[in-house]
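Please look over the model shown below before reading the briefing that accompanies it.

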Amino acid sequence: MIQFGIFQNGASDLPVADTPSGVLVAGGSLEDMHASYQRILIDQVRQGVLAEQLGYDFYFMTEHHFQPEGPEFSPNPLMAEMAIAAQTRRIRLGQATNILTQWHPLRVAELGAMLDVVSGGRVEFGVGRGYQPREVEVFGFPYGSSIQDQERNRAYFQEAYDLIIKAWTEPSFSHQGQFFSVPPTYTRWNHAQTIAYFSQPHVGRALEEVLRIGPPDQYGGGNPVTNTTTVLKEISLFPQPVQKPYPQCWEPVASSRSVEWAAAHGVNCNINAIPRNRLRKVVETYHQASEKAGWPDRLNRGAFKFGWDAEKRRGLSVGPWVYILKPGDERAQIERIDRSLEMEWNYYGPFGFTAGLADADEAPYPLDMRVTGEILRQKETALVGRAEEVTAALLRMKELVGSEDFLVLCHFEMPGLNGEEVEEQMSLFAEQVMPELRSACGGSPVLPESNVDLAPQQPAQA
């Protein structure tokens, strides 16, 4: 079987502009960029609703901040997808990713659970370590996260992930770690209502598990809650997700170490911007690591299919840029898209991703190498062509990976494309490519619909 999704990163709709250094950026002033990102936010919500109408199975949004350059805008995918959830019933709502090193883990756990409840259990929860210091070290500074110490970054990410899972699965919990103490050992809480609640025999936690009762503190001052030596031992996170024991988690991966961690923790992977002839190796690494760890899965369902298992929604997605050429001047269209792709790579490349564009039999590329749209098309990290050419390229990709099932997340957004153009591409792909691929790959599974009713109840007639 085959499944289809969309991956949105919020590229600006301002025209791609040249600079004296040869680096491509979004044209216009900061004021223009502010207006562009306001338009893009509306586009992202509208396109999430359209995606369901067109028959896509997944809608993924990433998390990025503070970018005047124009390649990405997606400051809070969970909030944007709340608006999409209110207007859809079937499409799966994913994040690629929630950057855990930029959040207090309990805050993002609450938001993810809220979206799962409102959407009727349609969340695919993204987790990631982050790679941009401008973001991580602004938001993560209060918690001590950094990307300039990779081992510290990984340790923070792991602890945050563990704390999120604990909060989602335990009715009441505590955590003592390197970065977080939940609740803090000094939190005074001599609240009569809390004591009365946990003194009941049926609530699922005994009073002594939640509070360490002590005498009043004659020097404490203040109100009765804090004028005490009684301290809090556990807290509960509300709400918990609808999906049990918790939503499927996903991570975008760029290294074998990340792939192996994800596999060992039952986390799905998004693969983006990797040459077609290296995809198989990533899939093999994930599958081997999963088998070695005993097939970790949130539902303990055992082994899953190589690459992607559509029934279990387990494994890896592949995410190329996609642009279907329209009748007319194809050369002009390709030239425009090549500039969009190069501008996008002008942003990503300096973070180290250029090295990973090398084919399996090549040495890593130098990080300052110019990556053109033509190179990205040759690597088939970007699929630009007529509908039948895009269809053939995706079938080649599936065959190269060697998977029975396949999940493709299309990047239709590119710098310089406005919302109407993105939506046209979504429609062209749904009308001209998806039916052919479904026919060739054995169809797509039917996704369950949400039974959450968000419409107000009508008052009874007098």
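Predicted model: local features only at pLDDT ≥ 70, side-chain atom pairs only at ≥ 80, totals over all residues.

Residues are numbered from 1 along each chain as its sequence is written, and side-chain values use heavy atoms, with hydrogens and water left out. The protein is divided into domain 1 and domain 2, it holds 25 salt bridges, and its largest pocket has a volume of about 1,000 Å³.

**Domains and annotation**

- Taken over C-alpha atoms, the centres of domain 1 and domain 2 are separated by 48 Å.
- According to the UniProt record, an unreviewed entry, the annotation "domain: Luciferase-like" covers residues 41–188; UniProt positions are given in the numbering used here, feature names are shortened, and annotations may be inferred rather than shown by experiment.
- The span of residues 41–188 is 44% helix and 14% strand, and its end C-alpha atoms lie 42 Å apart; helices (H or I, at least four residues) and strands (E, at least two) are DSSP runs, numbered from the N terminus.

**Helix H1**

- Helix H1 takes in residues 30–54, and its 25 residues should span 36 Å at 1.5 Å a residue, which agrees with the 35 Å between its end C-alpha atoms; the expected span is 1.5 Å times one less than the number of residues.
- Just after H1, Gly55 takes a positive phi of about 100°.

**Salt bridges**

- Side chains of opposite charge can pair when their charged atoms come close; a salt bridge is counted here when a side-chain nitrogen of Lys or Arg is within 4 Å of a carboxyl oxygen of Asp or Glu.
- Arg39 and Asp13 meet through their side chains in a salt bridge of 2.8 Å, N to O. Arg39 lies in helix H1 and Asp13 in the loop between strand S1 (2–8) and strand S2 (16–17), so this pair ties together parts that are 26 residues apart in sequence.
- Arg39 counts as partly exposed at 38% relative accessibility, whereas Asp13 counts as buried at 13%; buried means under 20% relative accessible area, exposed over 50%, and partly exposed in between (1.4 Å probe, protein chains only).
- Arg313 and Glu124 form a salt bridge of 3.5 Å, N to O, between their side chains. The pair links distant parts of the chain, 189 residues apart, with Arg313 in the loop between strand S14 (308–309) and strand S15 (314–319) and Glu124 in strand S7 (residues 123–128).
- Arg313 is buried, with a relative accessible area of 16%, and Glu124 is buried as well, with a value of 1%.
- In the salt bridge between Glu380 and Arg396, the closest N and O atoms are 2.4 Å apart. Glu380 belongs to the loop between helix H11 (373–378) and strand S17 (382–385), and Arg396 to helix H12 (residues 387–401), 16 residues apart.
- Glu380 is buried at a relative accessible area of 12%, while Arg396 is partly exposed at 44%.

**The largest pocket**

- A pocket is an open set of points on a 1 Å grid over the protein atoms alone, where a 1.4 Å probe fits, with protein on both sides within 12 Å along at least five of seven lines, and lining residues have an atom within 4 Å of a point. Grid points are joined across faces, edges and corners, and a volume is the space filled by probe spheres set on the points.
- The largest pocket is lined by 39 residues, of which Tyr131, Pro252, Val253, Ala254 and Phe353 lie nearest its centre.
- Two or more lining residues each come from helix H5 (150–169), strand S12 (249–252), strand S13 (268–272) and helix H10 (330–348).

**Backbone details**

- The peptide bond from Val182 to Pro183 is cis, with omega near -15°, and Pro183 sits in the loop between strand S9 (181–182) and helix H6 (192–198).
- The peptide bond from Lys244 to Pro245 is also cis, with omega near 0°, and Pro245 sits in the loop between strand S11 (231–232) and S12.
- Asn300 has a positive phi of about 55° although it is not a glycine; Asn300 is found in the loop between helix H9 (279–292) and S14, and at 71% relative accessibility it counts as exposed.
- Arg313, the salt-bridge partner of Glu124, likewise has a positive phi, near 50°, in a residue other than glycine.

How values were computed. Domains from an automatic or database assignment.
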